[in-house]
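User: Could you walk me through a couple of spots in this model? I'd like to go one question at a time.

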Amino acid sequence: MTGSAVVLESVSKRYRLGDGSTLTAVDDVSLSVAPGTRVALLGASGSGKSTLLHLIGAIDAPDAGSIRVGDLTITGLTERRLADYRSGIGFVFQQFHLVPGLSLLDNVHAPLVGRPFAGDRRARARELLDAVGLGDRERALPSQLSGGQQQRVAIARAMVAHPGLLLADEPTGNLDSATAAQIMDLLTRLQADYDTTVLIATHDRIAAASCEVVYRISDGAVTEVEAFDSMADARPRRAVEAASWN
């Protein structure tokens, strides 16, 4: 599976608050992500980075602008077609959202139940559990794992359907710094091994520095684009221009 390009053009999202005022969560954002790239959306809480990720994942819909993923423009699609689109994307969240009563193996292949899939579903789940270092725990329950291990299972589940795009919303937010570094290393390796485009929303500069390109988000807008020398020191190396993949 080749990673999907992502192109946003003048995307905005506003919410009506209870007092009648309007909150602009995403403000006229345009950006491009090359296929197979690992990109961070870096910003503080409330900056709009998670909303932006949710718009790309069709969890929410923009008020203005267009979003294209691969060859598909998702803005304006019917709900049925949006559901089909969402089923082909991998999602990883800060909360792991594993099913407590299912084994790790069953948690990983659960997204494939009732869906067409070329191949052995359980074999695919075992492949991903091996890839995240939990191949020997397939019969364990989520409650028997540490937080970092549960996030590994959540990442395996997100990859099970061969997605061209993986969206990770604060994937290290509930983890200590050492475990967070391991999770970012894992995402880096899986992105390379499976040639998946990975978008990560994070407030953690160290986590962002493991990505190839970083979009800084502030007040709902993209304020800066940069690359980093390394995850170790997270110092800006150079500004990078957002490529056009039209």
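**Strand pairing and a histidine**

User: Let's start at the strands. Which residue in β5 does V69 stand opposite?

Analyst: Keep in mind that this is a predicted model. Strand β4 covers residues 64-69 and β5 covers residues 72-73, and 2 bridges join them in the antiparallel sense. The residue in β5 opposite V69 is L72.

User: Which residue in the hairpin of β4 and β5 takes a positive phi?

Analyst: The hairpin has 2 residues between its strands. One of them has a phi near 65°, and that residue is G70.

User: β4 also pairs with β1. Which residue of β4 is the bridge partner of L8?

Analyst: β1 spans residues 6-16 and runs antiparallel to β4, with 5 bridges between the two. Within β4, the partner of L8 is I67.

User: On to H109 in helix α3. Is H109 buried or exposed?

Analyst: Helix α3 takes in residues 104-109, H109 included. The relative accessibility of H109 is 11%, and the cut-off for buried is under 20%. So H109 counts as buried.

User: Which residue beyond its sequence neighbours is in contact with H109 and also makes a side-chain polar contact with it?

Analyst: Leaving aside neighbours within four places in sequence, H109 is in contact with R121, R122, A125 and V160.

User: How far apart in space are H109 and R157, C-alpha to C-alpha?

Analyst: In sequence, H109 and R157 are 48 residues apart. In space, their C-alpha atoms are separated by 6.5 Å.

Note on methods
Residues numbered from 1 in each chain as written. Predicted model: local features only at pLDDT ≥ 70, side-chain atom pairs only at ≥ 80, totals over all residues. Heavy atoms only, no water. Pairing = 2+ DSSP bridges. Helix = DSSP H or I, 4+ residues; strand = E, 2+ residues; numbered from the N terminus. Buried < 20%, exposed > 50% of the residue type's maximum accessible area, 1.4 Å probe, protein only. Contact = heavy atoms within 4.5 Å.
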